Protein chains: 2
Amino acid sequence: MDTHKKLVLGIFGFGVVGEGLYKVLQQTPSLNATIKKVCIKNSDKKRNAPAELFTVNKQILLDDNEINIIVELIDDADAAYEIVKTAFVNGKSVVSANKKMIAEHLPELLELSQKTGKSFLYEAACCASIPVIRNLEEYYDNDLLHSINAVVNGSTNYILTKMFEEKLSFKDALIQAQQLGFAESNPVLDIEGYDALNKWTFLLTHSYGILPKKDEIVFTGIQNITSHDALQADKKDCVIKLVASAKKLKNGKVAAFVLPQFVKKDDQLAFVKNEYNGVVIESSFADKQFFYGKGAGSFPTASAVLSDISALRYDYKYEYKKLFYNQQLNVLTNDFYIRTYVAFTDWEHVRKDDFESIEEWHSNDQSNYLVGVIHFEKLQESKWWKKNGVSLILTAEPVIESLDVAKLKKRSLELAGFAGNYTVG
Amino acid sequence: MDTHKKLVLGIFGFGVVGEGLYKVLQQTPSLNATIKKVCIKNSDKKRNAPAELFTVNKQILLDDNEINIIVELIDDADAAYEIVKTAFVNGKSVVSANKKMIAEHLPELLELSQKTGKSFLYEAACCASIPVIRNLEEYYDNDLLHSINAVVNGSTNYILTKMFEEKLSFKDALIQAQQLGFAESNPVLDIEGYDALNKWTFLLTHSYGILPKKDEIVFTGIQNITSHDALQADKKDCVIKLVASAKKLKNGKVAAFVLPQFVKKDDQLAFVKNEYNGVVIESSFADKQFFYGKGAGSFPTASAVLSDISALRYDYKYEYKKLFYNQQLNVLTNDFYIRTYVAFTDWEHVRKDDFESIEEWHSNDQSNYLVGVIHFEKLQESKWWKKNGVSLILTAEPVIESLDVAKLKKRSLELAGFAGNYTVG
């Protein structure tokens with residue numbers, strides 16, 4: 001076997017992941033990979049590596065013919081995009097961990113990668129150490145994928161776990177997560193679901209061959225979840241998780257969203273606690289499969305980057321088979337219903353006309369909530385459920401493909417009576 | 001992309017898995033795979049498929065030039081070996097689920113596959129639906145694998161779960177497993193660990209590039225485990241699992257065995273209940289990763305076979321990188337110690353001189369057990385711990401690479417005193 005190609009790396013970024021990769025590579029001599037240069041932004045910062053390794057001039061890496069792999073590990077998605085584009089044009093393969101860049105630019109990057117024949121790998125960008133992209137590409141590569149449900153954001157999962165297990169308030173749990181380094185000092189991207197959304201955007205490409213358009217996927221984070229919700233979850237024998245979800249409906253189209261969800265305590269995703277990530281893949285015949293591991297952190301992320309680098313010894317490429325075959329099947333839809341719990345402080349904040357039926361409601365001094373069925377398009381179109389502290393949490397197995405009309409009529413009548421008599425308090 | 005090769009299948013066997021595959025393929029039109037012929041042993045049996053599909057003459061499949069893939073799904077390992085050999089020689093790729101055949105003949109089959117340039121895939125042979133071989137080959141393909149621990153036998157896991165959760169006796173749990181189809185009518189291969197051993201034999205090849213020799217791996221099953229042991233496990237906040245285990249020691253050699261083990265209730269493997277399988281892979285940087293899914297059954301096994309067939313569209317081959325590189329590192333060793341629990345009815349049945357130290361012992365009307373440290377070679381050489389109802393169950397994290405000699409001396413003196421005074425009951 002002489003496929004063992006020599007890998008010469010140019011790395012962009014020497015933060016948590018970049019430095020992790022540097023250490024990991026030092027302990028992986030068999031890989032035969034050399035870091036030739038690392039491009040950094042701030043040359044004054046002290047680094048745990050020889051000074052001659054670093055430069056602030058990106059062209060030194062991009063124009064170096066010996067460097068055959070660019071490893072892109074910077075925060076700035078726009079700068080990353082420029083770097084990666086040039087890398088392809090200059091005949092280099094690219095490994096990236098930049099979920100935001102990939103979510104925003106996958107179609108263009110895919111085209112460039114195909115045109116130049118160079119690989120573009122990014123296992124570290126979703127669920128870090130869990131090889132989810134590779135498995136979706138290689139193993140679940142036919143059209144039998146029923147659903148994929150995942151906890152893809154460690155920060156929010158850490159906070160929810162602490163709210164649930166230690167009865168911490170959202171605020172206290174967030175502070176603890178920040179102290180431990182599981183949440184950014186500016187946690188908005190994690191907390192409000194943007195990070196999970198970015199990851200889900202390209203995981204849909206590898207799951208179902210879908211390239212979602214901007215704003216096409218309904219999402220929120222955990223910003224409005226309260227201790228009361230955690231208590232309700234416990235009563236329902238559930239925990240709350242921010243679940244990224246995709247499901248193939250009977251008509252062949254795909255329902256996909258990133259929303260908080262009640263998860264039964266015996267469900268695999270309930271096993272995913274603290275900063276961990278987990279993915280449950282359900283296919284027609286294999287039944288449920290569960291992948292679990294660290295979704296963030298220096299070494300877990302670096303290890304995924306390392307596996308991508310290692311795969312480049314053999315010029316591995318994602319084939320995007322699902323994207324290129326059966327294209328007529330690869331369509332997102334909002335034409336389905338979901339059963340959801342909604343907690344609120346004031347009934348005024350809930351647009352009750354949006355519901356097809358309300359199956360449960362509760363109100364007392366401490367909390368108000370209802371459980372009802374809503375058409376998914378209503379969530380797509382309206383924003384009331386993200387505002388004024390309204391906490392929307394899907395029930396376990398929330399997707400309803402079609403409603404029983406007779407039942408619905410009866411429900412609507414009940415709802416009219418209920419809403420008419422409704423008083424807070 | 002015109003890599004979409006036409007697949008023409010000749011299938012051997014139409015039992016649970018073969019019939020499952022037949023049904024699965026009917027629902028996977030996009031695969032473009034055709035079953036041309038199925039070879040069966042008994043032509044009188046009624047089958048849920050057109051009669052013209054079947055033959056009892058294996059040469060009809062093996063000599064058919066149009067058939068490019070032989071799918072081998074029969075029970076008889078020797079007959080399977082003959083079929084697979086001929087298939088390679090006749091220029092066909094092979095997909096197999098026959099763990100016994102693979103465990104016994106992998107070196108020869110590997111040579112044949114390489115000589116003929118044809119693929120040999122067998123994901124279904126270990127953990128059925130869990131893509132463990134593919135991940136070990138492709139993703140964990142460098143030398144950083146710390147350890148791999150797995151529940152690979154669903155029958156024994158079902159029995160242990162029922163003994164633990166429903167306090168059933170071993171016998172009652174076995175009967176229940178048989179009634180549900182999770183255990184064979186002749187359950188010896190499962191119960192006594194042979195099936196797990198077979199799977200572990202070739203998983204070591206994909207994990208560490210080791211081709212174990214016959215009788216090289218120490219193993220047993222769950223045949224001697226009692227309700228008392230389950231009770232002890234509970235007291236130690238553990239469950240009992242039949243764990244297939246491999247660990248890279250500091251000297252680079254690999255410790256591997258298939259033995260019952262106390263597993264902490266918060267360990268990933270404790271999550272693996274009933275007929276499910278699970279694999280925990282620990283690597284230097286990714287930390288612990290956990291794969292979970294159905295390890296047996298018609299459709300889960302057929303789905304793994306299907307994924308192998310699907311990979312043959314692109315002529316996928318296992319590369320056995322670990323076997324061909326770094327061969328000096330790929331060595332099994334018995335030169336380590338383990339901490340183990342041993343329950344027994346009579347002290348006479350325990351060879352006390354084998355122990356380096358005994359750390360805990362207990363005896364009353366109902367049960368006797370000790371917890372001690374033993375050199376692994378002693379287990380390899382002696383068989384007392386499999387006989388006379390002696391129940392050996394490793395402690396959680398059982399492997400000890402080296403002993404503190406001073407501590408050991410003190411322990412030995414204590415042991416001498418303890419053993420001298422020992423009386424049953």
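In chain B, six strands form an open sheet in the order β3-β2-β1-β4-β5-β6, with parallel pairing; two strands pair if DSSP finds at least two bridges between them. Helices (H or I, at least four residues) and strands (E, at least two) are DSSP runs, numbered from the N terminus. Because β3 (54–55) and β6 (120–121) of chain B stand at the edges with a single partner strand each, one side of each has no neighbour in the sheet. The model is predicted: local features need pLDDT of at least 70, side-chain atom pairs count only at pLDDT 80 or more, and totals for chains, interfaces and linings use all residues. Residues are numbered from 1 along each chain as its sequence is written, while chains are lettered from A and ligands numbered from 1 in the order in which they are written.

| Strands | Sense | Bridges | Opposite residues |
|---|---|---|---|
| β5(B) and β6(B) | parallel | two bridges | B:Val94 and B:Phe120 |

Helix α1 (residues 16–26) of chain B lies across β1 (7–12), β2 (33–39) and β4 (69–72) of chain B, and runs at about 155° to β2(B). Axes are lines fitted to C-alpha atoms, for helices over the stretch in contact, with angles from 0 to 180 degrees between N-to-C directions.

Chains A and B each give 40 residues to their contact (C-beta atoms, placed from the backbone, within 7 Å). On the side of chain A that touches chain B, α5 (132–138), β12 (287–294) and α11 (298–311) of chain A each supply at least two residues. The largest share, eight residues, comes from β12(A).

Terms used
Two residues are in contact if their C-beta atoms, placed from the backbone, lie within 7 Å.
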